[in-house]
Amino acid sequence: MTRTRWLQEYGVYLAVAGLFAFNLLFTENFVSAANFRTQLLQAAPVCIVALGMALVIGTEGVDLSVGAVMALSAALIPLYLGYGPLLAVLVALVVGLAAGLFNGFLVAQLGIQPIVATLGLLVGGRGLALVIAEGKLVEVRSPEFLSLGNGDVFGIPVSVLVAAVLAVGVGLLVQRTTFGRQLVAIGGNRSASALAGLPVKRVLIGVYAICGVLAGVAGVLATARLGASDPADIGLLMELSAITAVVVGGTPLTGGRVRVLGTVMGAVLMQLVRATLIKHDLPDSATQMVQAAIIIAAVYVARERSTR
Amino acid sequence: MTATTVQANRERWASLLQRQGAAVVLVVVIAVAWIAFPRFGSLGNLRDLALQSSFLLVIALGMTFVIITGGIDLSVGSVYALGGVLAAYGSQWGFFGSLLLPLAVCGIIGLINGILVARTGMAPFIVTLASLLFARGLLLAITSEGSTTFKIPGDAVFLRLGQGTFLGIGYPVYIAAALCLAGGVLLRRTRFGQSVFATGGAESSALLMGLPVARTKIAVYTMSGLLAGFAGALTAAYLQSGVTVIGVGTELDAIAVVVIGGTLLTGGAGTIIGTVIGVGLRNVIQSVINQIGTLDSNFQSVVSGGFLLVVVVVQRWLAKSRNA
């Protein structure tokens, strides 16, 4: 294995380990249960959305609408919370599913480029969320629902647990199912897959649907954590964070390969970068510029592999 | 009528719709708005509409070139905001400080985008995503996390660029029109324009034909950066200060109007006039929604998004029917 290939495969783990070591040595109060908890809580929504994004990118697509879908599902929660938290969550997930099916239909059936197909929902979806919520932030008071945001199970925050379960689920989906193998094949060579008789359209629609549902899950968790449904802010720029986590995690934008654990690590890395800079009193501006540098470095390394 | 003439007719209509569809819709929407809302047709409203459109138009002009080469520039929203702040910051060195500082910095960001896209073969989407973050970070760093607002002195000549009027119409409108005209000539009448189309149409053939593909790409991203920075400077001159919070999501607006204007995101085809119409349509719809008053202003993005989807679906459908 060449060095660049190795870097692409394991670079994100190396970076996480390196940053972790740096923090152990140089950051005060880094090693504490409370801090780990916060870091994981922060990384969980990005991680969940990025898992769906990894599948989409694996098919050589991209889903720009995930942030808007989060806002849309968040906007609906207060409307249905009166009928019980379970129904509210269900509605939010169904909206995510519907959004995903819509994107999938445009991409698979009509053959529209993923960027444009999902751009429509990105532009319109948040507007729709704001219209539904009448432009207001709505407080959420149901204790059962809020426990999704700040509750624990066996000492682990619910949203972290959800993210972990989903990561395992998506990992199994990619590694162990026909659907997963078909998805990767379609991303690798779409026309060959079609010629080989793979159900290209069905798989594509399925992939966008999964991505939409996961965005819905992230919308639910973000609302529960915030204690309010804020369609103007929930999921803002989430599409960029998720794409970054996926790419940094070693999934190439050209499709044909999905790195699930890498994606989780990508989400953790971006969170760790942010936390490290904040803890060392570096401002937001530095965070953004460092993130930009990481993205470029990761993609540059990935490029070496694909041209080989 | 024979089958072939029916087919030929259909093709002609399809191609006409594809090219002029947005223009037809624009005319209809304007006509309806004019009749339905007396305030819409007022000189003041039309003047505002033209002025508001001019800033986005300057950004979308650069985006049109980039998209025709088959690329995309996500950084323009941040670069636009950065350009405004730099113009206000540079106003301490007079007119040329206000103008050259944003152009230099934003041009360099565009140039780097272009070099990374053209020379390393990295995806434009990701390269410009990174510079979206970078430009916004730089902007925050200059303004100490957005807490500092740079004001342009009230007597600065630079302000006239944004606030001046000729025959009652703001300077930015003339500037945007002139830039679009120049852009149209560049695209249609020069060798450079030909390589822009060729690069987006079939990159490998363009390479085989000996066209300077890499240089063309670098040039269009540089142009896009320059134009976005310039639009920011114009906005700063209009608002008399560099506003840090503008431009979030502007890249998507710019892409949307370019696509609505009939430029194909797959590259190789597109027009400047289409982009002008796309910007007009977006802002006329926005104005109509404002006139209705009772309608939630958030509805505007719903309409824009829906409209974008309809246009793309129709484009796709027409392309299929022409190939059939």
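This is a predicted model: local features need pLDDT of at least 70, side-chain atom pairs count only at pLDDT 80 or more; totals for chains, interfaces and linings use all residues.
Student: Good to know. So where is B:Val220 found?

Tutor: B:Val220 sits in helix 10 of chain B, a helix that covers residues 213-239.

Student: Is B:Val220 buried or exposed?

Tutor: Buried, because its relative accessible area is 0%, and the cut-off for buried is under 20%.

Student: Which residues is B:Val220 in contact with, leaving aside its neighbours within four places in sequence?

Tutor: With those neighbours set aside, B:Val220 has contacts with B:Phe65, B:Val66, B:Thr69, B:Phe192 and B:Val196.

Student: And how many residues apart in sequence are B:Val220 and B:Asp73?

Tutor: They are 147 residues apart along the sequence, while their C-alpha atoms are 9.9 Å apart in space.

Student: Let's stay in chain B. What can you tell me about the end of helix 10, say B:Gln240?

Tutor: B:Gln240 belongs to the loop between helix 10 and helix 11, the latter being residues 250-260 of chain B. Its phi is near 70 degrees, a positive value in a residue other than glycine.

Student: How exposed is B:Gln240?

Tutor: B:Gln240 is partly exposed, at a relative accessible area of 26%.

Student: Where is B:Thr275 found, then?

Tutor: In helix 12 of chain B, which spans residues 272-292. B:Thr275 is buried, with 1% relative accessible area.

Student: What does B:Thr275 touch, not counting residues up to four places away in sequence?

Tutor: There is a list of them: B:Leu57, B:Ala60, B:Leu61, B:Thr64, B:Val257, B:Val258, B:Gly261 and B:Thr263.

Student: Let me zoom out. How many helices and strands does chain B have?

Tutor: Chain B has 13 helices and two strands. Chain A comes to 13 helices and four strands.

Student: What sort of box do the C-alpha atoms of chain B fill?

Tutor: Along the principal axes, the box for chain B is roughly 70 × 55 × 35 Å. For chain A, the box is roughly 55 × 50 × 35 Å.

Student: How many of the residues in chain A count as buried?

Tutor: Of its 308 residues, 56% count as buried. In chain B, buried residues make up 54% of the 324.

Student: What about charges in chain A, how many positive and negative side chains?

Tutor: Chain A carries 19 positive and 14 negative side chains, and the centres of those two sets are 14 Å apart. Chain B has 18 positive and 9 negative charges, with mean positions 13 Å apart.

Student: Now the pair. How many residues of chain A are in contact with chain B?

Tutor: 40 residues of chain A are in contact with 38 residues of chain B. The two chains bury about 3300 Å² between them, and 82% of that is on carbon and sulfur atoms.

Student: Which residues in chain A lose the most area to chain B?

Tutor: Those are A:Val123, A:Gln288 and A:Met289, which together give 15% of what the chain A side buries.

Student: Last topic, loops in chain A. Where is the place of A:Phe30?

Tutor: A:Phe30 is in the loop between helix 1 (3-26) and helix 2 (33-58). A:Phe30 counts as buried, at 2% relative accessibility. Apart from residues within four places in sequence, its contacts are A:Phe20, A:Asn23, A:Leu24, A:Asn35, A:Phe36 and A:Leu272.

Student: And A:Phe154, buried or exposed?

Tutor: A:Phe154 is exposed, because its relative accessible area is 81% and the cut-off for exposed is over 50%. A:Phe154 lies in the loop between strand 2 (152-153) and strand 3 (156-157) of chain A. Its phi is near 50 degrees, a positive value in a residue other than glycine.

Definitions and conventions: Residues are numbered from 1 along each chain as its sequence is written. Chains are lettered from A and ligands numbered from 1 in the order in which they are written. Side-chain values use heavy atoms; hydrogens and water are left out. Buried means under 20% relative accessible area, exposed over 50%, partly exposed in between (1.4 Å probe, protein chains only). Lys and Arg count as positive and Asp and Glu as negative; His and the chain ends are not counted. The place of a charge is taken as NZ of Lys, CZ of Arg, CG of Asp or CD of Glu. Contact means heavy atoms within 4.5 Å. Buried area is the accessible area (1.4 Å probe) that two parts lose on being put together, summed over both.
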